[in-house]
Amino acid sequence: MEQSLPPIRSLRGHTNSVQEVTFSNYGNQLRVVSTSNDTTVRIWDVETGNQVGILLEGHRSATVGLAVSIDGRRIVSGDDDGKIIIWDAETKKIVRVLSHHTRWVGSIRFSLDEKRIASTSYLGTLKIWDVDAGELVFDIDDHQSGVRTVAYSPNGMKVASGSEDGTVRIWSATTGKQQGQPLVHDAVVRAVVWSPDNRLLISACNDGQIYFWSAPTGAQLGSSLHAHSESINSLAISPSGELIASASRDSTVRLWNTTTRRPFGHVLQHSGVVCTVAFSPNGQLVAAGCMDNMIYLWDISRETVTATNAMSPLSLASASNPISDLDQASESATSVSHLASPTPSLAGFGQPDGIEFHPGSVRSRHSVASPSLPFRDYSNPGIIAASSSTPALATPSKSFWRRFSTLNRSSASVGTSKRWKIPRIDNIL
């Protein structure tokens, strides 16, 4: 039997479900930014757990999709009504409003050079925007149903989108044209992420399964990993590319080694549905947002491999708090310090011993990820009070907060593209 890892911080302030979270480096400060059904965008100080400044208020409906620039100075949020707002993170003022979506903007991502953003809609569209001009560059509607998730490749050349039509499609970031054939899944695609070397796509679905794909060839790499007993709502990949985190309706966040596909560390148990998950820039923290209105922070820097088998869905029992026991299979420990090793190659993505896969053959697709549309439960749109079983907090050491240094990443320019017809942007303000 194993225990769940306790969180080191809980961020309390939202008055309805937390829809998406992401980390942000602003100056020398590590922050978390969040969206929620309470219509607000909030910024949190990781060290203190306190909210930073005033709320970002400008949406009239639930805020869902979220993206933050590398320097933390620009925040982009989307809402249920289809409105996208670009914010100045320092002044908390609205810089620009984009309004071509008409329904539910569930996923937003910056391009590598941060000159563009990609956004998805419940109505089945993927849109690419020029951030500074506020102009629509590409309006893509090839998906046959709502588009749940979008991710730019790390080199900025491609965009992947996942849909309720059960496909992931790859697009050229410069032309907006589809690359190859769709990657076909057995269920609604809720999340997609890229490996740091651009060679691997990982997707997650409503059926609790995680799929691994070769981005250059479109081939599925082995059978899908049966990771959760219920829908996976969000997927994140660590900066090194060695770990993925999956957040599920089954009230857990689980960590997986991307090379072996084996569970890593303890289960991060929550008291209710987990809507979203994110890694910190150095990969040592995980943030999870939940339907209990809370955000939890977990330190995984000293975690080790604790299980050899991916658990069967029949054995994935939810617990009321993070110290509830779960079935465990022992395994020799592997230190998290190996996270700094090179990104895993595509070799060896077969069916490693001890992993439970659904039977199925490799599907070849001739085509070449974070974030996902978080879980929404419209059957209970009201405020959800925090449970009495809210996870207890572990006390971090004084030296813990000294680990975080400012993230620096150079920007590479995406080639100037020939634009499609650009509709006029309505100025709401």
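# Notebook: strands, a sheet and one histidine

**Entry 1, the whole chain.** Buried residues make up 60% of the 429 residues in the protein chain. I note at the start that this is a predicted model. I counted secondary structure next and found 27 strands and zero helices. I then looked up the surface. The protein chain exposes about 16300 Å². Carbon and sulfur atoms supply 48% of that area.

I picked S15, which covers residues 167–172. Are its residues buried or exposed? Six of its six residues are buried, so I call the strand mostly covered. I checked each face in turn. Thr167, Arg169 and Trp171 lie on one side, and these are buried.

Which strands pair with S15? Strand S14, residues 158–163, pairs with S15 in the antiparallel sense over five bridges. Within this pair, I found Trp171 of S15 as the bridge partner of Val159. S14 and S15 form a hairpin with three residues between the strands. In that hairpin, Gly166 takes a positive phi near 80°. Strand S16, residues 183–184, also runs antiparallel to S15, and two bridges join them. Here Val168 has Leu183 in S16 as its bridge partner.

A reminder from class: strands of a sheet pair through backbone hydrogen bonds, either parallel or antiparallel.

**Entry 4, a four-stranded sheet.** I moved to an open sheet with the order S9-S10-S11-S12 and antiparallel pairing. Why does one side of S9 and of S12 lack a neighbour in the sheet? S9 and S12 (135–140) stand at the edges, and each has a single partner strand, so one side of each is left without a neighbour. Neighbouring strands of this sheet are turned by 20° against each other on average, direction ignored. I also looked at one pair inside the order. Five bridges join S10, residues 116–121, to S11, residues 126–130. Ile117 has Trp129 in S11 as its bridge partner.

Where is His101 found? I located His101 in the loop between strand S8 (94–98) and strand S9 (105–110). Its relative accessible area is 4%, and the cut-off for buried is under 20%, so His101 counts as buried. I listed residues that His101 touches, leaving out those up to four places away in sequence. Among them are Asp81, Gly82, Ile84, Ser119, Lys127 and Trp129.

Notes: Residues numbered from 1 in each chain as written. Predicted model: local features only at pLDDT ≥ 70, side-chain atom pairs only at ≥ 80, totals over all residues. Heavy atoms only, no water. Buried < 20%, exposed > 50% of the residue type's maximum accessible area, 1.4 Å probe, protein only. Contact = heavy atoms within 4.5 Å. Areas by Shrake-Rupley, 256 points an atom, 1.4 Å probe, with all protein chains shown as cover. Pairing = 2+ DSSP bridges. Axes fitted to C-alpha atoms, helices over the stretch in contact; angles between N-to-C directions.
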